[in-house]
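Colleague: I am new to this structure and would like to learn how to read it. Please take me through some of its features.

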Amino acid sequence: EKGYETGEHAPGLKLGGCGAYKAAHHIIKTHAKVWHSYNNTWRREQRGMVGISLTSGWGEPVDPHSQTDRDAAERYIQFHLGWFANPIYRGDYPEVMKNYVGRKSAQQGLGTSRLPTFSVQEKTYIKGTSDFLGIGHFTTRYVLQKNFPFLQVSSYHTDHDLAELVDPNWPAPGPKWLYSVPWGFRRLLNFIKTQYGNPLIYVTENGVSETAQCTQLCDEGRIQYLKGYINEILKALNDGVNVKGYTAWSLLDKFEWNKGFSERFGLYHIDFNNKNKPRYPKASVDYYKKIISANGFPNPREVMS
């Protein structure tokens with residue numbers, strides 16, 4: 001969407017209303033081809049696994065008793081996660097995406113939907129092409145219904161007919177878009193379990209950046225973030241969600257899209273101004289080290305011994 005719709009990221013194309021859908025369509029078909037290639041050529045010998053990693057926030061209805069808010073929250077997830085996961089696990093784009101984009105395309109006088117379609121053969125070829133689901137997750141939004149007039153320029157964002165809100169009490173230790181809302185992760189994981197037949201899940205990205213520099217590398221916000229989110233993953237495991245592994249994002253500070261080196265997601269601080277790029281452990285390193293040593297939250301007495 002940012003690469004082919006808004007042009008905010010490389011390759012910087014502004015193909016409003018259709019660019020993101022076309023790019024995603026090719027990604028999904030290419031993913032299926034790679035999966036089949038491995039399945040037919042290498043799996044028997046190597047016994048490896050091929051999956052896809054999808055990043056999605058969680059959408060929570062502003063008013064859980066309002067059907068329109070619940071529907072809007074459902075659209076939020078389907079237009080983010082379902083856009084890619086539904087074809088791979090169920091054989092086609094989510095019905096709500098097809099309905100909304102199709103209707104808005106017709107209102108614009110277009111002969112066909114801006115959302116591409118899969119042929120019957122492609123649906124069969126794509127469905128089931130995942131040995132595991134990688135999930136990147138960072139934050140949550142409250143969602144409510146918002147109608148966008150069809151006369152304005154079409155875009156992926158206005159196709160949803162929803163608005164996103166945040167709770168001002170949610171901690172925001174890093175960038176303005178990343179609020180710490182651990183309970184949203186448990187709900188997202190349970191949604192995946194219900195929607196896609198409880199697939200094997202690896203959490204491939206989960207973390208927070210800090211924008212304020214602390215000379216003592218005291219990233220307390222990251223420690224609290226990791227604590228909250230990992231705890232919700234453990235609750236999801238108790239719910240029966242098939243989470244197999246977890247990867248904190250990320251080991252080192254690094255180049256962060258169009259933010260460059262200004263947003264630091266790393267457990268280790270990098271001095272980018274030094275030609276040797278020395279690395280310094282932040283406080284979260286010691287905290288996370290204890291978690292992975294115990295394979296969970298350690299007993300404080302065990303850690304001290």
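This is a predicted model: local features need pLDDT of at least 70, side-chain atom pairs count only at pLDDT 80 or more; totals for chains, interfaces and linings use all residues.

Colleague: Where does UniProt place the feature "active site"?

Modeller: UniProt positions use the numbering applied here, with shortened feature names, and annotations may be inferred rather than shown by experiment. The unreviewed entry places this one at Glu 205. Glu 205 lies in strand β6, residues 201–205; strands (E, at least two residues) and helices (H or I, at least four) are DSSP runs numbered from the N terminus.

Colleague: Which residues is Glu 205 in contact with, leaving aside its neighbours within four places in sequence?

Modeller: Contact means heavy atoms within 4.5 Å. On that basis, Glu 205 touches Ile 135, Gly 136, His 137, Phe 138, Thr 247 and Trp 249.

Colleague: In what order do the 3 strands of the open sheet come?

Modeller: Strands pair if DSSP finds at least two bridges between them. The order is β2-β4-β5, with mixed pairing. β2 (58–61) and β5 (162–165) are at the edges with a single partner strand each, so one side of each has no neighbour in the sheet.

Colleague: How many bridges join β4 and β5?

Modeller: Strand β4 (residues 140–145) pairs with β5 over 4 bridges, in the antiparallel sense. Leu 144 stands opposite Ala 163 in β5.

Note on methods. Residues are numbered from 1 along each chain as its sequence is written. Side-chain values use heavy atoms; hydrogens and water are left out.
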